[in-house]
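User: Can you walk me through this one? I'd like to start with helices and then get to the rings.

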Amino acid sequence: MWALQSPQTPQLLRSPYHTNSIAHLPPKPSSVCCCVSLNSSTTPTSLSSRNKNELIQSLCKQGNLRQALDVLSIEPNPTQHTYELLLLSCTHHNSLSDALNVHSHLTDNGFDQDPFLVTKLINVYSHFDSVDDARHVFDKTRRRTIYVWNALFRALTLAGRGEEVLELYRRMNGTGTGIRSDRFTYTYVLKACVASSCGFSLLKHGKEIHASVLRHGYNGIVHIMTTLIDMYARFGCVMYAGFVFSQMAVKNVVSWSAMIACYARNGMAFEALELFREMIMESHDLCPNSVTMVSVLQACAALAALEQGKMIHGYILRRGLDSILPVVSALVTMYARCGKLELGQCVFDHMDKRDVVSWNSLISSYGVHGYGGKAIQIFKEMIYHGVSPSPISFVSVLGACSHAGLVEEGKMLFESMRKEHMIRPSVEHYACMVDLLGRANKLEEAAKIIEDLRIEPGPKVWGSLLGSCRIHCNVELAERASKRLFELEPTNAGNYVLLADVYAAADMWDEVKRVKRLLEARGLQKVPGRSRIEVKRKMYSFVSVDEFHPQFEQLHALLINLSAEMKEKGYVPQTKVVLYDLDAEEKERIVLGHSEKLAVAFGLINTSKGETIRITKNLRLCEDCHSFTKFISKFANKEILVRDVNRFHHFRNGVCSCGDYW
């Protein structure tokens, strides 16, 4: 219901959730004129207060903010609706200074305690990223409705101040406020858990909010439950997210997309593709959108499922989603991570418009394939075309330098971040530099970077150093890095395994046993090696010494025969990766059962002549598997593409594209 009111008794006339679009403002009764005509003898000062308000409102709707403010300066009694339209006009004109003036004016006229206008003010300051001003307005407000609280929750969440949202949420639910959460409250506070940088410390709060949602009967609200899925996905709680999804009586495309994204981002690409198929088959009235397709493409990329990726590409073309930048950028990445770099380049070349994400996709694509020089060239092309690099651009190009051993080029790019692009290096960039120097066996220089850091290096930086120590068997630095990592990531078994690898390479078997005892004492287990291969549009998975695989005996027999024949051609098993003090024959048996060897054997049996074998590995390719696959590619005259956790290895005619630098 529309009503004019006296400024002396401001009231909440409409819900603050009403749309801010002028085109959707409710119509006024016919007795109220929507615009005021001025003839030559009429001036704003000669108009009545009512007509001045209507004139200000009309000028705002016409986009004449400056004239509206001029009339405001001579209007002694502006109405609530007048202030509302003035604030809205300030956002349309992107004028924070005018918004501050309107705020000052409405405060002088006693409207600073009007909950409706307070809500609008908070939204305006949020629009201008002036979150401290929004908080100041909130703190000065004595009568806070749920709309006022929600407006501040939204503003703080958008600003990434999730901890502050949760603190205020607890205060709102405390005694004396009398305010009850509504469906918007739950959405904002759950998003605050997702947006916060505090990590797992907020998971407990998220679960408490989930319980409150159930207690108050909001589990039927689709957007609340979808936000719950996002929250659990953020913390890697896939089982909880799946439970919420399965309990939803009604699901929309956003719900399906959220669950698919949850799987894709938490290492469950199989499940992401299966859920996408279920969405297509069961929900005929739902059409996957661009967000859905980005997650599905990420799943295809994770599995190196080229044939399925091509099918998804066809679906994208049929649905007309090929003009949406995030989708096309994901296509570039998908093809590159499936080993078809030339198709990724083709997709990029046919883009009508490119943003920094598109360029980053191509830079990182060449980087993971080991073409560091090409990645640098594309980085320079991006700048030439007027696209400013983002922090991720530098992560991509520095990573490319690391894989290609381009140390000096990487140093120059790192220096250019501050000097030329005004980007302050983050922990990720320092981790790239440590990795770049460490791989090149410049370990002391890498350690010096860590010593000189003014910020906490964090697990990524120390992890890069430990990984480099494992490559070059530097026991002293490995012990130093692992000590810090055990403090930062006490439950990450990978750090213990890397240290044990270093000790094993140095024949320090007593230390290997000590680290293994430490693993057992803390209840940790080494992540098992897992390799996947796509054959005839189906994905097959192997784990090391996979005796339960139906073709295990056939695969193992083939590997034994190949190993024996290749030994005659010069193949020497590299057994130092085995963390047990065993005899040579037993170590050979263990490395022969590695998952990537089983996947290679499966590919030899089940692919046709001339067909490339494509394998993904969840860990770094070990030295023996690398040597073995080089021999196989020549011995069996087969092209083999292996993507490990770091990069691609393209084996052809006994040579790997990495040049044995990985």
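Analyst: We'll take the ground rules, then helices, aromatic pairs and one annotated span.

Analyst: This is a predicted model, where local features need pLDDT of at least 70, side-chain atom pairs count only at pLDDT 80 or more, and totals for chains, interfaces and linings use all residues. Residues are numbered from 1 along each chain as its sequence is written, and side-chain values use heavy atoms, with hydrogens and water left out.

User: Which residues of α14 are buried?

Analyst: Ala269, Ala272, Leu273, Leu275, Phe276 and Met279. Buried means under 20% relative accessible area, exposed over 50%, partly exposed in between (1.4 Å probe, protein chains only). Helices (H or I, at least four residues) and strands (E, at least two) are DSSP runs, numbered from the N terminus.

User: Where do they fall, seen down the axis of α14?

Analyst: Within an arc of 160°, so they line one face of the helix. The arc is taken from the directions from the helix axis to the C-beta atoms.

User: What's on the face turned away?

Analyst: Met281 and Glu282, both exposed.

User: And what covers the buried residues of α14?

Analyst: The cover includes α12 (238-247), α13 (253-265), α15 (290-303) and α16 (306-318). Contact here means heavy atoms within 4.5 Å.

User: Switching to rings. How many aromatic pairs are there?

Analyst: The whole structure has 17. Rings of Phe, Tyr and Trp (its six-membered ring) pair if their centres lie within 6.5 Å; planes under 30 degrees apart are stacked, over 60 edge-to-face, the rest tilted. One of them is Phe138 with Trp149, edge-to-face at 4.9 Å centre to centre and 75° between the planes. Phe138 is in helix α6 (residues 131-140) and Trp149 in helix α7 (residues 146-158), 11 residues apart.

User: Is Phe138 buried or exposed?

Analyst: Phe138 is buried, because its relative accessibility is 0%. Trp149 is buried too, at 3%. Ring pairs also link Phe138, Trp149, Phe153 and Tyr169 into a cluster.

User: What does UniProt place at residues 570-662?

Analyst: The unreviewed entry gives "domain: DYW" there. UniProt positions use the numbering used here, feature names are shortened, and annotations may be inferred rather than shown by experiment. The span is 37% helix and 17% strand, with its end C-alpha atoms 22 Å apart.

User: Which charged end sits over the ring of Phe628?

Analyst: That of Lys597, 5.5 Å from the ring centre. The test is NZ of Lys or CZ of Arg within 6 Å of the ring centre and within 35 degrees of the ring normal. Phe628 is buried, and so is Tyr571.
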